[in-house]
Amino acid sequence: MKVITTLMLLALAIQVLPVALGMNYRKLKARSFAFAFSLILGQLLLFQLGYWLGDQFLYLVKGFKGTVIFIGFSLIGIRMIMDAFHVRKGERTYVMGNPLTVILASFAQAINTFLAGMLFTLLPVDNEFLLMVLLIFTVIVSGAGIMMNPEKTERALASLLFSLGGIVMLFAAVYLGFII
């Protein structure tokens, strides 16, 4: 169970890569780390908010939680695969310079993480473990993103990782929804 949830959290952390590509370290220097911190904070806050909300209300779906898990994680996976095309074109890479733009982008890209946080309440996994793994992966991915140049090759890599993340979410949806 922990292996599959770890892979799912890695897929969720990959979502910060296109936004982090717009924070070119060579241009923004120290501000890029502050901007990356807001990406990380957005991921963790929305995950925790989703987890809290799921803990409050999703006890009502315990009778058909497999179906809810399948539909929820499938939707996240499909959205990630569809967004991969936008990432490849550069439509998800933002040029960062304004702190308000960074904060809005960090919360916008963390919507899937919010939904996943809600769904993780239906799984027998500890919240602290989930937050720690998500923090580690998000720090690594955002750090790698700021060090890269927002060029065609890097966008293609981000698109590939987005697609792989979506595929991981789809397989996890099937596995968690029907097998467990």
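Ser38 makes contact (heavy atoms within 4.5 Å) with Val102 and Ser106, leaving aside residues up to four places away in sequence. This is a predicted model, so to speak of local features takes a pLDDT of at least 70, side-chain atom pairs count only at pLDDT 80 or more, and totals for chains, interfaces and linings use all residues. Numbering runs from 1 along each chain as its sequence is written, and side-chain values use heavy atoms, with hydrogens and water left out.

Ser38 sits in helix α4, residues 30-57 (helices are DSSP runs of H or I with at least four residues, numbered from the N terminus). At a relative accessible area of 15%, Ser38 is buried (under 20%, with a 1.4 Å probe and protein chains only). A polar atom of the Ser38 side chain lies 2.6 Å from the backbone oxygen of Phe35.

On to the aromatics: a search of the whole structure turns up four aromatic pairs (ring centres of Phe, Tyr or Trp, the last by its six-membered ring, within 6.5 Å; planes under 30 degrees apart are stacked, over 60 edge-to-face, the rest tilted). Phe47 and Phe120 have ring centres 5.8 Å apart and planes at 55 degrees, so this pair counts as tilted. The pair ties together distant parts of the chain, with Phe47 in α4 and Phe120 in α7 (residues 111-120), 73 residues apart.

Helix α7 is largely enclosed by the rest of the structure, because seven of its 10 residues are buried. These are Asn112, Thr113, Ala116, Gly117, Met118, Leu119 and Phe120, and their cover includes α1, α4, α5, α6 and α8.

Helix α8 has 21 residues and reaches 30 Å from first C-alpha to last, close to the expected 30 Å (1.5 Å times one less than the number of residues). Its buried residues include Leu130, Val133, Leu134 and Phe137.

Methods: Helix = DSSP H or I, 4+ residues; strand = E, 2+ residues; numbered from the N terminus. Buried < 20%, exposed > 50% of the residue type's maximum accessible area, 1.4 Å probe, protein only. Polar contact = N/O pair within 3.5 Å; in protein donor to acceptor, adjacent residues only side chain to side chain.
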